[in-house]
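Please read them beside the coordinates.

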Amino acid sequence: MPICGIPNIQATNVSKTSATIQASSVIHNTALKSVNARVEISLRDPQGREVATTQKMLTLAISDSSPVSFTFSVDKPSLWSPDTPSRYQAIIKCVDRDNGSIDEQKISFGIRSLAFSADKGFLLNDSSVFLRGGCVHHDNGLLGAAAYNRAEDRKLQLLKDQGFNAVRCSHNMPSDHFLDACDSLGLMVIDEAFDQWLVAKNSDDYHNYFNEFSDRDLQTMVRRDRNHPSIIMWSIGNEIPGRIESDGIKAAERLRQTVRQYDVTRPVTAAICSWNQPSRSWDDEDNLAFRSLDVGGYNYLYGKYVHDHVTHPDRVMFGSESYPKYASQNWDLVEKYPYVIGDFVWTAMDYLGEAGIGSASIRNKGNQPMFQGWPWYNGWCGDIDLIGQKKPQSYFRDVVWHRAPITMAVEEY
């Protein structure tokens, strides 16, 4: 029996009047004989109406596989955006012409265009968009690390309601349903793969498996996720130790090439910080860490934007992580300089782990430790807490993002 591989759907030459849709897949023969197959594909618009259809004939030998590709033109497409998250559906069928058996795949996708440049910033469907972003961990609070569909929906709806239009998956690939929810809600996504490469952050972390599995894992992420219109960038790492040493530079380029093998429609990025390269200067970091990136992610480094624009005038930048207390300083630069396309706060919502980070207390002397013991069990730096309540920093962000006038909360004693 011939079966369909998951198709790859790409929209090109996108405008308000038309778009070109390129659909490709691989047909596999699982029968113990050669088969004659008919491959049919149809596209349906957001209202379920068929807007294009075509078919091809194939003959497959035993255990043979054959790539197929189709090109369609869609008139007056409904463009995907945060305000109008329209989705189309591709239906691909593989029919065994000898016995009539059918294998079918249904894939949702969106039609939209992406463009990144230092002089125009980030353009979605040819319109300038600022990324009002938040970093999110994979967990769902007290439900733990399991990806319950309703919990994913709720988390992302909370972020959308608070003005976020983008999320960064820090620092691992999200669940399928997380991306489905981002597609339907209109939340743009930075899909991120790794928190470690070759050098350990902890003795039992991913560095133990990086050489053997990183290409396969990254390939899996890109192939699984590339049909989601919500994804606007691929991130290959976060705060990677050793990234500007020779092995780290080679690893970055290898990961970039792995992404490019399976998707060329989105830029490659990574989150760069300054504190895990103690023996090297920022100029070293600046020249080496961004070498394999199309867009530069800066963790807590808004003070470097102007300096780096002078030395690298074509670089597109964004705050891949920022402290909530510096929301105004970061956002002022986004609004002022087109080469700074957005800011992602650490974090949009509280999360399990890094217990006590972001906590506050009154102390007679000494500094507040970053992490704390029991009864702290979660990171407390989010705009929204684990049960969905809005915190003071989120009210401040409403003012910074021009969503509300100046707000004050006063408690009388």
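**Notes on the model**

1. The backbone nitrogen of tyrosine 206 lies 3.3 Å from a polar atom in the side chain of glutamine 196. The side chain of glutamine 196 also makes a polar contact of 3.4 Å with the side chain of aspartate 195. A polar contact here is a pair of N or O atoms within 3.5 Å; within protein, one must be able to donate a hydrogen and the other to accept it, and residues adjacent in sequence count only if both atoms are side-chain atoms.

2. On provenance, this is a predicted model: local features need pLDDT of at least 70, side-chain atom pairs count only at pLDDT 80 or more, and totals for chains, interfaces and linings use all residues. Residues are numbered from 1 along each chain as its sequence is written, and side-chain values use heavy atoms, with hydrogens and water left out.

3. Glutamine 196 sits in the loop between β14 (188-192) and α3 (210-225). Helices (H or I, at least four residues) and strands (E, at least two) are DSSP runs, numbered from the N terminus. Glutamine 196 counts as buried because its relative accessibility is 9%. The classes are buried under 20% relative accessible area, exposed over 50%, and partly exposed in between, with a 1.4 Å probe and protein chains only.

4. Four strands make an open sheet in the order β5-β4-β7-β8, with antiparallel pairing. Its edge strands, each pairing on one side only, are β5 (50-60) and β8 (102-109). From one strand to the next the twist averages 15°.

5. Valine 39 has cysteine 94 in β7 as its bridge partner, and arginine 38 stands opposite valine 95 in β7.

6. β4 is also joined to β5 by 10 bridges, and these two strands run antiparallel. Here isoleucine 41 has threonine 54 in β5 as its bridge partner. The two strands form a hairpin with five residues between them, and glycine 48 in the turn has a positive phi of about 85°.

7. Serine 15 is in the loop between β2 (8-12) and β3 (18-29). With a relative accessible area of 24%, serine 15 is partly exposed. Serine 15 and aspartate 45 are 30 residues apart in sequence and 16 Å apart in space, C-alpha to C-alpha.

8. One runs from serine 170 to histidine 171, with omega near 0°; histidine 171 lies in the loop between β13 (166-169) and α2 (176-185). Another runs from tryptophan 374 to proline 375, with omega near 15°, and proline 375 lies in the loop between β20 and β21 (378-379).

9. Positive phi also occurs at residues other than glycine. Asparagine 125 has phi near 55° and is placed in the loop between β10 (121-124) and β11 (127-128). Asparagine 125 counts as buried, at 14% relative accessibility. Tyrosine 300 has a positive phi of about 60° and is found in the loop between β17 (295-299) and α6 (305-311).

10. How many cavities of 30 Å³ or more are there? The count is one. On a 1 Å grid over the protein atoms alone, a cavity is a set of points where a 1.4 Å probe fits but cannot get out, and a pocket is an open set with protein on both sides within 12 Å along at least five of seven lines; lining residues have an atom within 4 Å of a point. Grid points are joined across faces, edges and corners, and a volume is the space filled by probe spheres set on the points.

11. The largest cavity holds about 110 Å³. Of its 16 lining residues, Trp197, Arg243, Ala252, Leu288 and Ala289 are the closest to its centre. At least two lining residues come from each of α4 (246-262) and β16 (268-272).

12. The largest pocket has a volume of about 1,000 Å³. Its lining has 36 residues, with Trp346, Tyr351, Glu354, Ile357 and Cys381 nearest its centre. β20 (351-352) and α8 (392-400) each supply at least two of the lining residues.

Key
Two strands pair if DSSP finds at least two bridges between them. Axes are lines fitted to C-alpha atoms, for helices over the stretch in contact, and angles run from 0 to 180 degrees between N-to-C directions.
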